[in-house]
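Here is a quick note to read with the structure open beside you. Take the points in any order.

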Amino acid sequence: MQTPVVSILLFLLASILGAVGQFLYKSGADTSGGSLSSYLLNPRILGGVVCYIGVMVLFVAAFKKGGALSVLYPVYASTFIFAALIGLAAYGAPIKPINILGMAVLMLGMYLMGK
C-alpha cells in the first residue's frame with residue numbers, strides 16, 4: 001500500500017499538536033490546585049484536551065486519505081522530538097547530545113518503518 005504524502009503531513013501536524021497538548025497538560029498541572037475541579041476547570045488542561053481532539057481528527061483525516069498504519073504511526077513518534085523542543089523553549093530543559101542521538105535513532109526508525 002502506497003502512503004500518500006498528505007497523510008504523512010497530517011500525521012506530522014498531529015505530532016506537533018500532540019506535543020503542544022502535552023505542554024499544556026504540564027503547564028496546567030503546574031498551576032492547578034490538585035483537586036479534580038482544578039483539573040477540569042483549568043484552561044491550559046482544557047487546551048490540552050482540545051489539542052488531543054485535534055490529533056484524533058488529523059489521524060482520521062490521514063487514514064481517510066489512505067496509507068499504511070505501519071508507516072503513519074511511527075511518524076507520530078516525532079512527538080517526542082517536538083516535546084523536547086517545547087521543553088527547551090518553555091522550561092529551558094536542556095537537550096543533551098545523548099538526547100539528540102535518541103532523536104536521530106527515532107528518525108532512523110521512522111524511516112525504516114516506512115520501507
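The points below cover confidence, aromatic rings and a pocket.

1. Before anything else, bear in mind that this is a predicted model. The average pLDDT of the chain is 93, and 99% of the residues score at least 70. Helix 3 has the highest confidence, with a mean of 97, while helix 4 has the lowest, at 88.

2. How many aromatic pairs turn up in a search of the whole structure? The search finds seven. Have a look at where the two partners come from: Phe11 belongs to helix 1 (residues 5–31) and Phe59 to helix 3 (residues 43–65), so the pair joins distant parts of the chain, 48 residues apart. Both Phe11 and Phe59 are buried.

3. Now for a tilted pair. Phe23 and Tyr91 have ring centres 5.9 Å apart and an angle of 55° between their planes; stacked needs under 30 degrees and edge-to-face over 60, so this pair counts as tilted. Distant parts of the chain are linked here too, with Phe23 in helix 1 and Tyr91 in helix 5 (residues 79–91), 68 residues apart.

4. Phe23 has 24% relative accessibility, so Phe23 is partly exposed. Tyr91, at 39%, is partly exposed as well.

5. Stay with Tyr91 for a moment. The charged end of Lys26 sits over the ring of Tyr91, 5.1 Å from the ring centre.

6. Last, the largest pocket, which holds about 150 Å³ of space. The residues lining this pocket are Thr3, Ile8, Leu12, Val71, Val75, Met110, Tyr111 and Gly114. Helix 1, helix 4 (69–76) and helix 6 (97–113) are the elements that each give two or more residues to the lining. Sorted by class, the lining has six nonpolar residues, two polar ones and no charged ones.

Notes:
Residues are numbered from 1 along each chain as its sequence is written. This is a predicted model: local features need pLDDT of at least 70, side-chain atom pairs count only at pLDDT 80 or more; totals for chains, interfaces and linings use all residues. Side-chain values use heavy atoms; hydrogens and water are left out. Rings of Phe, Tyr and Trp (its six-membered ring) pair if their centres lie within 6.5 Å; planes under 30 degrees apart count as stacked, over 60 as edge-to-face and the rest as tilted. Helices (H or I, at least four residues) and strands (E, at least two) are DSSP runs, numbered from the N terminus. Buried means under 20% relative accessible area, exposed over 50%, partly exposed in between (1.4 Å probe, protein chains only). A charge sits over a ring if NZ of Lys or CZ of Arg is within 6 Å of the ring centre and within 35 degrees of the ring normal. On a 1 Å grid over the protein atoms alone, a cavity is a set of points where a 1.4 Å probe fits but cannot get out, and a pocket is an open set with protein on both sides within 12 Å along at least five of seven lines; lining residues have an atom within 4 Å of a point. Grid points are joined across faces, edges and corners, and a volume is the space filled by probe spheres set on the points. Ala, Val, Leu, Ile, Met, Phe, Trp, Tyr, Cys and Pro count as nonpolar, Asp, Glu, Lys and Arg as charged, and the others, Gly among them, as polar. pLDDT is the predictor's confidence in each residue, from 0 to 100.
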